[in-house]
Structures are given as C-alpha cells and as structure tokens.
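Me: Please take a close look at one part of this model, the salt bridges and what surrounds them. I would like one connected account.

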Amino acid sequence: MTHENEFKIDIPEDRGILDLTRQIDELTDTIKSYKLLMDIHKEELWELKKIVSENEKNKNLLQGYKKVIEDLSAKLRQKDS
C-alpha cells in the first residue's frame, strides 16, 4: 500500500561546512599536519641541542688551549729574565 502524499527528501551528499563527516575529515587532516610539524620540530630541536653541545665542547677546548699558551708564555718570560 503506497501513500499518495509520499514525498522523498533528497539530502545532498555534501552539506558544505555543516557536514559533520567533512568537518571530522578536515580536523583529522589538521591533526596529522600538526603531528608532522611536531616531528619536524623535534628533529630540528635535536640538531640544535647537538650544536649547542658541540659549541660548549669547543669553548672548553679553547679555554684549555688558552691556558696552555698562557703557561708556556709565562715560562718563556721566566727564562728570558
């Protein structure tokens, strides 16, 4: 038995910005992008930490060389006196 007054509602597949599936997909993509950016920044941060460590090591070596030069210079001056 069919009703004469039956009507069919066509719901569009994409309801624009109000489509929850679309919003979920966009938010999921945004989260993936943020995770990728975080991974990239973590790698960059690790590289910067390695550079800072190497710079500190070089400063210590330089101070050591400076001390050796000062000591040798002092000994040379004592011999000349």
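Reply: Glu-26 has a relative accessible area of 42%, so the residue counts as partly exposed. In this predicted model, the side chain of Glu-26 meets that of Arg-22 in a salt bridge, with 3.2 Å from N to O. Arg-22 is partly exposed as well, because its relative accessible area is 32%. The two positions, Glu-26 and Arg-22, are 4 residues apart in helix 1, so about one helical turn separates them. Side chains of opposite charge can pair when their charged atoms come close.

A search of the whole structure gives 3 salt bridges. One of them joins Glu-47 to Lys-50, where the closest N and O atoms are 3.3 Å apart. Here the spacing is 3 residues in helix 1, so Glu-47 and Lys-50 are again separated by about one helical turn. Glu-47 has a relative accessible area of 40% and is therefore partly exposed. Lys-50, also with 40%, is partly exposed.

Another salt bridge links Asp-71 and Lys-67, with 3.3 Å between the closest N and O atoms. Asp-71 is partly exposed because its relative accessible area is 35%. For Lys-67 the value is 47%, so Lys-67 is partly exposed too.

The helix that carries these pairs covers residues 20-80. Its 61 residues, at 1.5 Å a residue, should span 90 Å, and the end C-alpha atoms are 89 Å apart, so the two values agree. At the start of helix 1, a side-chain oxygen of Asp-19 comes to within 3.2 Å of the backbone nitrogen of Thr-21. The chain has 1 helix and 0 strands.

Tyr-34 counts as exposed because its relative accessibility is 54%, and the cut-off for exposed is over 50%.

For the chain as a whole, 1% of the 81 residues count as buried. The accessible surface comes to about 8600 Å², and carbon and sulfur atoms account for 59% of that area.

Methods:
Residues are numbered from 1 along each chain as its sequence is written. This is a predicted model: local features need pLDDT of at least 70, side-chain atom pairs count only at pLDDT 80 or more; totals for chains, interfaces and linings use all residues. Side-chain values use heavy atoms; hydrogens and water are left out. The expected span of a helix is 1.5 Å times one less than its number of residues. A polar contact is a pair of N or O atoms within 3.5 Å; within protein, one must be able to donate a hydrogen and the other to accept it, and residues adjacent in sequence count only if both atoms are side-chain atoms. Buried means under 20% relative accessible area, exposed over 50%, partly exposed in between (1.4 Å probe, protein chains only). Accessible areas come from the Shrake-Rupley method with a 1.4 Å probe; for residues, only the protein chains shown count as cover. A salt bridge is a side-chain nitrogen of Lys or Arg within 4 Å of a carboxyl oxygen of Asp or Glu.
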